Number of protein chains: 2
Amino acid sequence: MRVSDLTTPALLVDVDALDANLADMAAALPGPRLRPHVKAHKTTELARRQTGVGHAGFTCATVREVEGMAAAGLGEDLLLANEVLDARRLGALDARVTLAVDSEETLAAAVAGGVREVLVDVNVGLPRCGIAPDRAGRLADRARAAGLTVRGVMGYEGHLMMLGDVAERARLTEECMGRLLAAHADVGGELVSGGGTGTYALNTWVTEVQAGSYALMDTAYTAAGLPFRQALTVLGTVISVTAPAGEVPGWAVADVGLKALGMDHGNPVVPGAQVWFCSDEHLTFAPDAPLRVGDRVRVVPAHVDPTVTLHERMHLVRGDDPDPEVLDTWAVDLRGW
Amino acid sequence: MRVSDLTTPALLVDVDALDANLADMAAALPGPRLRPHVKAHKTTELARRQTGVGHAGFTCATVREVEGMAAAGLGEDLLLANEVLDARRLGALDARVTLAVDSEETLAAAVAGGVREVLVDVNVGLPRCGIAPDRAGRLADRARAAGLTVRGVMGYEGHLMMLGDVAERARLTEECMGRLLAAHADVGGELVSGGGTGTYALNTWVTEVQAGSYALMDTAYTAAGLPFRQALTVLGTVISVTAPAGEVPGWAVADVGLKALGMDHGNPVVPGAQVWFCSDEHLTFAPDAPLRVGDRVRVVPAHVDPTVTLHERMHLVRGDDPDPEVLDTWAVDLRGW
């Protein structure tokens, strides 16, 4: 099967770019120094490829992701880096599951659900989840008193990922991690987990980095100056073309709309064209060179995570051939909740 | 089962609001005057409820939607109001399928795919698909010469749906429909299809309106002054609460993130709270009255169509009980392409 045989819109993964990203990250953060975050790709076959470059533990954002990873035989060390109030599905899994807790209520849910290991989630500056650093030790004590193993702390400096000024990103990362290390001194345990694609090279304080977007990338992270290659595009078909008329420039429409793209970071990029707007099933854009109805285009999403979750599968391709062979197709099998 | 038993995030549909919306629209546009658009809800059970108030024909935006409607036995008169370059899946269906065409290429695809009926899609002012009005007649001639039945024209004044000034919305709708009627004079056929939720009451020129959002509604259409009730919310669980500290106000986090919400119209609304921001699986907001971890919240999406497509099912509830019974669960079975 070739790309021209695919129904559009369809996710394409440049396997050489993907493998380069996985190799570069594994060189920077080998083995357990990286706990890849599956939320960015939601694909167990891609996670399996991450094990192939040396990472055995994974980060998840949802119970469904943990379940799917366990079912795929990738349950050696799964961290659900998120709070849940119903942990029963986690406790029932045949996998090593560590759950984030940041309150008495989430700790009680972990116990009630049969989870045996937890991390204390610490607020390091992003106004989201996480307990205040000076209260982390007490929560760890309660967890141990309840019979749980406390593996350490986690804290996510998510508000710094896209900060354009790298020196400022580094300075603030150090400040956030100071809070996390203070909490860790009280909590104990072998893990200090945090960071992401935006700070993977700057965050030298954690024992493991939770990066996920580096594998497939998007325009927002590329704009943040990261060295990883754009591996993910959304293949579309040009379904309509309108020629210039008087002062109105011409435009083309591809079948890659906002139901095929994560839109929270704005419009996607079409190389060699200016994007006008997205509708549910349409992308209207002005191409630099005329396109014809039936032509294929590759659209670069602004945000990888919510783009991938809209698709049932991703197709692996290689090279610059305009109509390459489809080397493999992976199910995006960790969607939903 | 009660709402407190549901895994979150989860779509909730207020069945009384839904039924009121369906009844109000059916009173305004009875029977064939409305061709409900399924792209807004992607749910054959909801479409079946629309047949219950008298609408037999439906509008679809994707081949998958047409297939799913046909498979559900709702294929009496399905319009794919969109261009496709591969119509083979449509031609193979046991249903009445009418396909939009706006070019020689899409007409050729209809013929090659075994489609027997078409509408000529006319550009009425929105820079998207659609042939220029003065070329529509010639395309209809070619379609008839190729053995197809031409049922008429369609044109979508999508750029007017959210226009705040209703008088201006009406004036521009008339202008757009003037173009569509001019094309119809050349094309012929019994159908003049167009309009949407934003212009359903203003567009008196079409023979049928393609509205979809009216059934479930969202904050954007409510802001546009439409009379329909908000029937759709996303149920979430409060997973973390941070108390005020000094000058920093307190906040809560629910598990309704941007992977559970269409974000192209911006942040959702949480009644009784100020929304700060959405992350992949989190919504951070400042509630007017304190919330506790484990509390449930109902989040109102800004854009219904891309919200629904992120969920596998929707749950029907009734009334103001904080923990109502789940009356029924419908699969969102028209997702994908």
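**Entry 1: a contact between the chains**

I looked up D280(A) and K39(B) and found that their side chains meet in a salt bridge at 2.9 Å, N to O, where a salt bridge is a side-chain nitrogen of Lys or Arg within 4 Å of a carboxyl oxygen of Asp or Glu. I note that this is a predicted model, in which local features need pLDDT of at least 70 and side-chain atom pairs count only at pLDDT 80 or more, whereas totals for chains, interfaces and linings use all residues. For my own bookkeeping, residues are numbered from 1 along each chain as its sequence is written, chains are lettered from A and ligands numbered from 1 in the order in which they are written, and side-chain values use heavy atoms, with hydrogens and water left out.

Across the interface of chain B and chain A the rule finds four salt bridges, and over all chains the structure holds 42 salt bridges.

**Entry 2: the interface as a whole**

I then asked how much area chain B and chain A bury between them. The value is about 4,000 Å², with 61% of it on carbon and sulfur atoms; buried area is the accessible area (1.4 Å probe) that two parts lose on being put together, summed over both. R128(B), K259(B) and W337(B) supply 20% of the area that chain B buries against chain A, more than any other three residues. In terms of contact (heavy atoms within 4.5 Å), 53 residues of chain B touch 53 residues of chain A.

**Entry 3: how the copies are related**

The same surface serves both copies, since 100% of the contact residues of chain B recur in chain A.

**Entry 4: helices α6 and α7**

Helices (H or I, at least four residues) and strands (E, at least two) are DSSP runs, numbered from the N terminus, while axes are lines fitted to C-alpha atoms, for helices over the stretch in contact, and angles run from 0 to 180 degrees between N-to-C directions. From α6(A), the residues A136(A), G137(A), A140(A) and R144(A) meet A183(A), D186(A) and V187(A) of α7(A). By class, this contact has four nonpolar, one polar and two charged residues.

In chain B, the axes of α6 and α7 come within 8 Å and cross at roughly 35 degrees.

**Entry 5: a tie within chain A**

I found a salt bridge between the side chains of E190(A) and R151(A), at 3.3 Å, N to O. E190(A) lies in the loop between α7 and β7 (191–194) of chain A and R151(A) in strand β6 (residues 149–155) of chain A, so the pair ties together parts that are 39 residues apart in sequence.

**Entry 6: backbone exceptions**

Most residues other than glycine have a negative phi, and most peptide bonds are trans. I noted that the peptide bond from T8(A) to P9(A) is cis, with omega near 0 degrees, and that P9(A) lies in the segment before β1 (10–14) of chain A. The bond from T8(B) to P9(B) is also cis, with omega near 0 degrees, and P9(B) sits in the segment before β1 (10–14) of chain B. K42(A), although not a glycine, has a positive phi of about 50 degrees, and I located K42(A) in the loop between α1 (15–28) and α2 (44–52) of chain A.

Technical notes
Nonpolar A, V, L, I, M, F, W, Y, C, P; charged D, E, K, R; others polar.
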